[in-house]
Amino acid sequence: MGHAHPVPLPARLVRTARLTLAPPGKENLPDLVRLKGDPRVFELMLHGVRTEAMARAELEDDIAFWAQRGYGTWCVFHTKSGEFLGISGLMERPDGRGIALRFALWPECRGHGYAREAAKAGLKFGHCAGLARIIAVAWENNHASRHVLADIGMAQCDAFDYRDRRMIVYESLA
């Protein structure tokens, strides 16, 4: 099965009612270093909190992934203020489970529906880009993320143990 053709650059920008999702560029490195280095945000993400060098390497990978696949991880901004809120998007899981939806926003963003809005937009973009199945993985006790995944229409389909934690797998089928 071939990969989706790269989407022209302007079409990679996604706007929702309150958010702008933009593929990351080198100019986003300082925000990404802060976000990925913050345990309040990245402790529960796959591979945990990142060093500055790791965040820089991941940015290079994200840029290359977009160029190759035509989808990937976005930087999430509040459209009106321009404030960087976090990341959301689609990435190939290293464990072979497939293309996964992910999101990580500042804790101060909780309770405003931004994660739900960004995740829903990413899911829709992925299906429109030709992905028939998109998964997401959340720690069993991460009720906020699990609620977002269920709320955007993803269904539980599997579970596995990782780092002594029960992980729940969700899926969305086009």
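1. The largest nonpolar core, in this predicted model, has 47 residues, of which L21, Y71, F84, L101, L149 and M154 touch the most other members; such a core is a set of buried Ala, Val, Leu, Ile, Met, Phe, Trp, Tyr and Cys residues joined through side-chain atoms within 4.5 Å. Helix 5 (residues 114–128) gives the most to this core, with seven residues, helices being DSSP runs of H or I with at least four residues and strands runs of E with at least two, numbered from the N terminus. Apart from this core lies another, of five residues, including A100, I135, F160 and V169.

2. Leaving aside residues up to four places away in sequence, L149 touches L101, F103, A136, A138, M154 and Y170, where contact means heavy atoms within 4.5 Å. Among the contacts in the protein with a separation of 6 or more, 61% are accounted for by residues 24 or more positions apart.

3. Buried residues make up 49% of the 174 residues, with buried meaning under 20% relative accessible area, exposed over 50%, and partly exposed in between (1.4 Å probe, protein chains only). The protein exposes about 9000 Å², of which carbon and sulfur atoms supply 55%; the areas come from the Shrake-Rupley method with a 1.4 Å probe.

4. The radius of gyration of the protein is 15 Å, which agrees with the value near 16 Å that a compact globule of 174 residues would have; the radius is taken over C-alpha atoms, and the globule rule is 2.2 Å times the number of residues to the power 0.38. Along its principal axes the C-alpha trace spans about 35 × 35 × 30 Å.

5. The protein has six helices and eight strands, and along the sequence these follow the pattern α-β-β-α-α-α-β-β-β-α-β-α-β-β. Strand 7 (residues 155–162) pairs with strand 8 (residues 165–173) in the antiparallel sense over seven bridges, pairing being assigned if DSSP finds at least two bridges between two strands. Q156 has Y170 in strand 8 as its bridge partner, and in the hairpin of the two strands, which has two residues between them, R163 takes a positive phi near 50°.

6. The structure holds zero disulfides, a disulfide being a pair of cysteine sulfur atoms within 2.5 Å. The sulfur of C75 is too far for a bond because the closest cysteine sulfur, in C109, is 13 Å away. C75 is buried, with a relative accessible area of 1%, whereas C128 is exposed, at 65%.

7. Residues are numbered from 1 along each chain as its sequence is written. In this predicted model, local features need pLDDT of at least 70 and side-chain atom pairs count only at pLDDT 80 or more, while totals for chains, interfaces and linings use all residues, and side-chain values use heavy atoms, with hydrogens and water left out.
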